[in-house]
Amino acid sequence: MYGKHIKWFTSALVLASLIGCRQAETASPTETDAAREPASLVLTTDISALITPSGTRTIDADDNTIRHVSLFLIDYLEDRLVAYRNIYPDTQAALNRYNDIDLENGFVDETTGEIDPDLTSGKAIRVTFDFNSPKHGSAERLTRGTYVLLAVANFSESDQFGQTGIAAQIQSLIEDFRQNSDVGLGNFKANYAHFYDLTLKIPDETQNGASYAPYVRPGNVSIPLSTTQYLHLISGQNRSSAELKHTCARVRVDVCNYSDQPLTINSLQMSNNFTQSNCYLFSRLDHTENYAIENDYRGKGAPVTTSSNALIPFQAARQLTREMGATTIFDGLIYESRDEANNYTYTIDVSYGQKDLKRYVLKNNGQPISSWTDLQNEGPYFLLKRSDGNSYLYTENDKVYASSGDNTPQQILDLCAAQNYSYSYVWNLEWAGNGSSYYLRNVYTGDYIDKISYSYGSSEWYRLGMVDNSGLNNSYTANLRSGRFLFVSDYYRDRYSVNAYINIRADQANMPVVGWEGDGEWSQFALYPVEEVSGLGTREEVVLRTIDKTSGEVNDVHEIQRNDFIRVLVEVSYNPDKGDFEFIVNDWQTGGGDITFN
């Protein structure tokens, strides 16, 4: 089986006071009529990267420094913006005019632990809100009580994933505050909902004149980081903690080939609940609304792994050798999502190029044919599905059967592959040499559907059989009706003034395949073309699961959060003695804050 290893990493925003200050509470908001005693707050923010930078395409995704940050404090009880800090050293940016860097606000020198006003980036930023010396007016004289912290960092001034750009919104908010710096900005939730509700949206792409959502965030645009949290300040000096997170998650899929033979990666797909095209810039305080943005008209969807937005787009038919080791076949950024009812899955199709091994894959983009031209051009191999249901013809024990269940054509092919590549559902329409007359030969057994001898019998006794030769009155004329095909027995054509068709008796519990004089839906078939390819292959749909590093318990994943780094490692080998794949799962022993998936 495959080995699936996924790690999650989080970035921390630490809000710390000077030495000797007491710890502030970070609980839910509380209301009180008590006097609001003075309070001061010193905040130190730091961030660690998702992974160590590598290459050029992933520099922005791997950025492990803070280049700029804007922080806002809202008095919860009064719903009033009372303070802000803007650390923006880039002199070419419009927000630099509001840059707050000084001896008490700025980047922290890693060697000294002190603020260095000359630094223009770093892994830590410290800002101070001093009751006795407010920097931006009397409004920021903090008092005991509950505050909402909004912080955003590393946003791009030209980032148009927000309604009007994040930088423009921050500049407008700062300008409004500076005009009311003694009292702050009241009724904040209503008057500035456009700021708190800022959304990040993945731009649509166009292919063949049609617009679609790629569900992969462009990887060459700076990724904003943000946090939203309640802070409950006590009187005196305070310190607290929060998390500053990337506003997107990251998915990387690596494949390692342990065989001496080249491995071909044919396709990579993810389930259509994996992500959404929009997300909030600021995480919702109750954490329940993050995944249901009303204006996300695209809804949930599957990341398009071939999108140029990806850090490393998937390339079909790529070959991996043993010497290449673990190789990344996809690396992309997605937005958070939640699905409590369904699993998250990824599906990968791989093959080894063994010429003596045959398998079948869908043609015509997985769609049924609808014309005589298609029958000629897409044939001769087909799946035969009853037109009004999901019953497919197959052979077993020299008889013709109809499958039960609710399977797609791809699932039928996967079922055949899982049964040692026994393609008993695939039929070869061999031309009988006359008009539209064909023999229906099963590619697995090599036998043919026998002639129809009866036109009105629905019991097991009348089930059609298989014979090992053609030319035994067992040809069938194909008729086309509204894109569906009927197969009328040439032997029973106009016999006793009726015709007999291959028919699935759906009114019977065992759905026998018989000859029947009726030409209704049970005699009509959708033909899905498939093609024969050389080489051993498999197509696996894998459920995303997480292993608790403490208990070892395995659970299905039903939520992908911002700042998650999902790392999938698929390990594949080939056993030439058995003529089949071997898939190995290694349970990783993790430590620290890592979470391992498999």
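Modeller: Helix α1, residues 166–178, has 13 residues and reaches 19 Å from its first C-alpha to its last, close to the 18 Å expected at 1.5 Å a residue, where the expected span is 1.5 Å times one less than the number of residues. Helices here are DSSP runs of H or I with at least four residues, strands are runs of E with at least two, and both are numbered from the N terminus. This is a predicted model, in which local features need pLDDT of at least 70 and side-chain atom pairs count only at pLDDT 80 or more, while totals for chains, interfaces and linings use all residues. Residues are numbered from 1 along each chain as its sequence is written, and side-chain values use heavy atoms, with hydrogens and water left out.

Biologist: Which residues of α1 are buried?

Modeller: They are Ile166, Ala167, Gln169, Ile170, Gln171, Leu173, Ile174 and Phe177, with buried meaning under 20% relative accessible area (1.4 Å probe, protein chains only).

Biologist: And what covers them?

Modeller: The cover includes the strands β5 (69–75), β6 (80–87), β9 (145–153) and β10 (199–201), along with the helices α2 (188–191) and α3 (193–196). A contact means heavy atoms within 4.5 Å.

Biologist: What is the strand order in the open sheet of five strands?

Modeller: The order is β6-β5-β9-β13-β15, and the pairing is antiparallel; two strands pair if DSSP finds at least two bridges between them. The edges are β6 and β15 (245–246), each of which pairs on one side only. Helix α1 packs on this sheet by touching β5, β6 and β9, and its direction makes about 120 degrees with that of β6, the angle being taken between N-to-C directions on a scale from 0 to 180 degrees, with axes fitted to C-alpha atoms, for helices over the stretch in contact.

Biologist: How many bridges join β9 to β13?

Modeller: Nine bridges join β9 to β13 (residues 225–233), and the two strands run antiparallel. Within that pairing, Leu150 has Thr228 of β13 as its bridge partner.

Biologist: Changing topic, which residues touch the most other members of the largest nonpolar core?

Modeller: Ile265, Ile329 and Leu383 do, in a core of 47 residues; such a core is a set of buried Ala, Val, Leu, Ile, Met, Phe, Trp, Tyr and Cys residues joined through side-chain atoms within 4.5 Å. Strand β42 (residues 565–575) supplies the largest share, five residues. A second, separate core of 36 residues includes Ile166, Ile174, Leu281 and Leu333.

Conventions. Buried means under 20% relative accessible area, exposed over 50%, partly exposed in between (1.4 Å probe, protein chains only).
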